[in-house]
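This briefing gathers notes on selected regions of the structure shown below, arranged by topic. Please read them alongside the sequence and the coordinates.

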Amino acid sequence: MSVNLTIGKAINAGLRRAMESDPKVLVMGEDVGRLGGVFRVTDQLHKDFGADRVIDTPLAESGIVGTAIGLALRGYRPVCEIQFDGFFFPATNQTFSQLAKMRRRSAGALSVPVVLRIPYGGGIGAVEHHSESPEAYFAHTAGLRVVTVANAVDAYWMIQQAITSPDPVVFFEPKRRYYDKAEVDTDASPDSAAAMGSARIARQGSDLTLLAYGPMVKTALQAAEAETERSIEVVDLRSLAPVDYATVEESVRRTGRLVIAHEAPVTGGIGGEVAARITESCFYHLESPVIRVGAFDTPYPQSRLEEHYLPDLDRILDGVDRAFTY
Amino acid sequence: MSNNTAHGEPELVQLLTPDGELRDHPDYPLEISTEEIRGLYRDLVLVRRVDTEAVALQRQGELGLWASLLGQEAAQIGSARALRPQDMAFPSYREHGVAWARGVAPKELLGLFRGVTNGGWDPAQYGLHLYTIVIGSQTLHATGYAMGIQRDGATGEDGSAVVAYFGDGASSQGDTSEAFTFAAVNNAPVVFFCQNNQWAISEPPDRQMRVPLYRRAAGFGFPGVRIDGNDVLASLAVTRKAMQQAREGQGPMLIEAFTYRMGAHTTNDDPTRYRVPAELEEWKAKDPILRLRAHMQAQGIAGDDFFTEVESEADRLGEQLRAECRSLPDPAPLDIFHEVYAEPNTQIDLQRAEFADYLASFEDAGAEGGR
Ligand SMILES: Cc1ncc(C[n+]2csc(CCOP(=O)(O)OP(=O)(O)O)c2C)c(N)n1
Ligand SMILES: [Mg+2]
């Protein structure tokens, strides 16, 4: 059945399907129960699956991730909602030092298939700590898989793939795009879905590869449409750790130019890492240096400044122009 | 009369009943002048008006968000009026009554919720630290600040102490428990003031605790007390005593102010999804302002003139806030780069210069007719 779903509703539908097919799947977090989460991503799950499987946790992120690890050690598959990007940080020890390292510590004996769902990114006019893009910290931590989605179809399938993954997955949700809609075939076989680790060519082009992920994919597509003189290919990275370099390299070898756009600050970001790798693997195909477009090395500003802070269509096109000055 | 509630809990410390009757409490005697009572009433009414105006301004799109203090005025005003200028308060994000009592102009709060600042006032000037949004964090800051006061030898009868505000939800954070431990082992002059407003967004206290919060203090080794958080006099008397004990070297104390969040969690929230209207009705009968007014009228502490004057003062305040809010200046784009570091920073300087050039390119392009 094909249904028109927002990204938020698609994740909800994916969670529901995962809970139906595996009784070990649990949903836990602050306000995920009766309220259905502050973005309503867990709407109705509490009613339909009960408080044992949809757990309104105490207000403590370290506790959420730490007990999820324990539940996973006991055979459960907890899907934890961290209410906002900026509220993840109390859980750093449990995530970076425990969750990520359990497999190695146990010489492979232990699996901790925990999913951390984190609404991230800016553009919603919020107060401090509600607009951050912390994905690079996670991608920098071995043992975690890090993914993000840009449309409802991927949202529906990738949340299910994240839940069945034997490794911990950090699932970043583009909060300002929660209400973007797409047709999703919710009855299709899981085998028909693209692999969670793969990048996706979101728009074909021949003169430049524009790489984006999460909330910036939409902006990148708009920029590509607005650019009338050159043919821009847009790649939606989807998986930030590991990166699907094969797809990116194939695209860059065809176009000869790469611009990477993300909301996170450029320094130490995903863009820098991809740029370095692509420069090495595609050096003789590149017509220009890889250009990064991202946020500044400043705290996410008060909301009245965020339109200047967030890379937008113009900033991306400025990056595209720069790539053609070489 | 039994000293225990139906749940077997000791009654809350209450000096003023919901009907406005004064009650003595052996542990918390309160000496207060009629002038002070009138002042408390004025505070309560004015902060409620600040709150009402702010909610309306949010609805009109002038604020991005507002976290309403409706129902919690007495807990905040009573406790904050118990402070001395040299004391330091560490708020969470709903402490508009505390900010009011510490002298922070409401427009500073509006600036934060409008998105022109992240706070911005000078904590030293007001004895009020900045609002802290990441739940529980400020309890540790308060404790550390109190340890500093100790080390400065600034305690004693005329010295300083610290109060940390937090919520029932915040009591679950590791930081809060760590703050209790640090305060206890250091005997730090800090009072932990929890407004148990019965909700942490959609979660009731039974998702955070199995024993009443105030009882937790005993396990950490300091006293805890539950007060009627809608009773401004109890809040004043108990906080005053706790702060004095802290100043005089008797260490921390936990005050649980039993109150109610009458409004939504914030203007983004829809409480009809998780709570029943009857609960609100029950708490309306315990309104903090009505009971003080009933007391003042019964005791002849103030007449109609006074109440009318406070009402028109509130009207004037509301008008002023609407004007101030709309005229708050937006920050300039290059302000993004301000206040990241104390010292010049090459990386920031480079990015600022690049961004300035980028912005200028639009002005040039504009002159030529655009891209
Ligand atoms: C570390 C952290 N996690 C989650 C949040 C999101 N959040 C904001 S307020 C709130 C509930 C707080 O409840 P409580 O401590 O009772 O304070 P109240 O809002 O009732 O004043 C939550 C979960 C946050 N601000 N910080
Ligand atoms: Mg609360």
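This is a predicted model: local features need pLDDT of at least 70, side-chain atom pairs count only at pLDDT 80 or more; totals for chains, interfaces and linings use all residues.

**Gly108(A) and its loop**

- Gly108(A) belongs to the loop that runs between helix 5 (102–105) and strand 5 (115–120) of chain A.
- Between the C-alpha atoms of Gly108(A) and Arg40(A) there is a separation of 36 Å, the two residues being 68 residues apart along the chain.

**The seven-stranded sheet of chain A**

- Seven strands of chain A make up an open sheet with mixed pairing, in the order 3-2-4-5-7-6-12.
- At the edges of this sheet stand strand 3 (54–56) and strand 12 of chain A; each has a single partner strand, so one side of each is left without a neighbour in the sheet.
- From one strand to the next, the twist of this sheet averages 20 degrees.
- Within the sheet, strand 4 (residues 77–81) and strand 5 of chain A run parallel and are joined by three bridges, and Leu116(A) in strand 5 is the bridge partner of Cys80(A).
- Helix 1 (residues 7–21) of chain A packs on the sheet, where it touches strand 2 (25–29), strand 3, strand 4, strand 5 and strand 7 (169–174) of chain A, and the direction of helix 1 makes about 135 degrees with that of strand 2.

**The five-stranded sheet of chain A**

- Another open sheet of chain A is formed by five strands in the order 9-11-10-13-14, and its pairing is mixed.
- Its edge strands are strand 9 (200–203) and strand 14 (291–295) of chain A, each of which pairs on one side only, while the twist averages 25 degrees from one strand to the next.
- Strand 9 and strand 11 (residues 232–236) of chain A pair over three bridges in the antiparallel sense, and the bridge partner of Ile201(A) in strand 11 is Val235(A).
- Helix 9 (residues 245–255) of chain A lies across strand 9, strand 10 (208–212), strand 11 and strand 13 (258–265), and runs at about 150 degrees to strand 10.
- Helix 10 (residues 270–281) of chain A also packs on the sheet, touching strand 10, strand 13 and strand 14 of chain A, with its direction at about 155 degrees to that of strand 13.

**Backbone features in loops of chain A**

- Arg238(A), which is found in the loop between strand 11 and strand 12 of chain A, has a positive phi near 65 degrees although this residue is other than glycine.
- The relative accessible area of Arg238(A) is 3%, which means that the residue is buried, since the limit for that class is under 20%.
- The peptide bond that joins Ala241(A) and Pro242(A) is cis, with omega about 0 degrees, and Pro242(A) is found in the loop between strand 12 (239–241) and helix 9 of chain A.

**Chain B as a whole**

- The secondary structure of chain B comprises 13 helices and five strands.
- The radius of gyration of chain B is 22 Å, which agrees with the value near 21 Å that a compact globule of 371 residues would have, and the C-alpha trace spans about 85 × 50 × 40 Å along its principal axes.
- Of the 371 residues of chain B, 54% count as buried, and the accessible surface of the chain comes to about 16,100 Å², of which carbon and sulfur atoms hold 50%.
- Among the contacts in chain B with a separation of 6 or more, 75% are accounted for by residues 24 or more positions apart.

- Gln198(B) lies in the loop between strand 3 (190–196) and helix 8 (216–220) of chain B, and has a positive phi of about 75 degrees although it is not a glycine.
- Gln198(B) counts as buried because its relative accessibility is 12%, under the 20% limit.

Note on methods
Residues are numbered from 1 along each chain as its sequence is written. Chains are lettered from A and ligands numbered from 1 in the order in which they are written. Side-chain values use heavy atoms; hydrogens and water are left out. Two strands pair if DSSP finds at least two bridges between them. Helices (H or I, at least four residues) and strands (E, at least two) are DSSP runs, numbered from the N terminus. Axes are lines fitted to C-alpha atoms, for helices over the stretch in contact, and angles run from 0 to 180 degrees between N-to-C directions. Contact means heavy atoms within 4.5 Å. Buried means under 20% relative accessible area, exposed over 50%, partly exposed in between (1.4 Å probe, protein chains only). The radius of gyration is taken over C-alpha atoms; the globule rule is 2.2 Å times the number of residues to the power 0.38. Accessible areas come from the Shrake-Rupley method with a 1.4 Å probe; for residues, only the protein chains shown count as cover.
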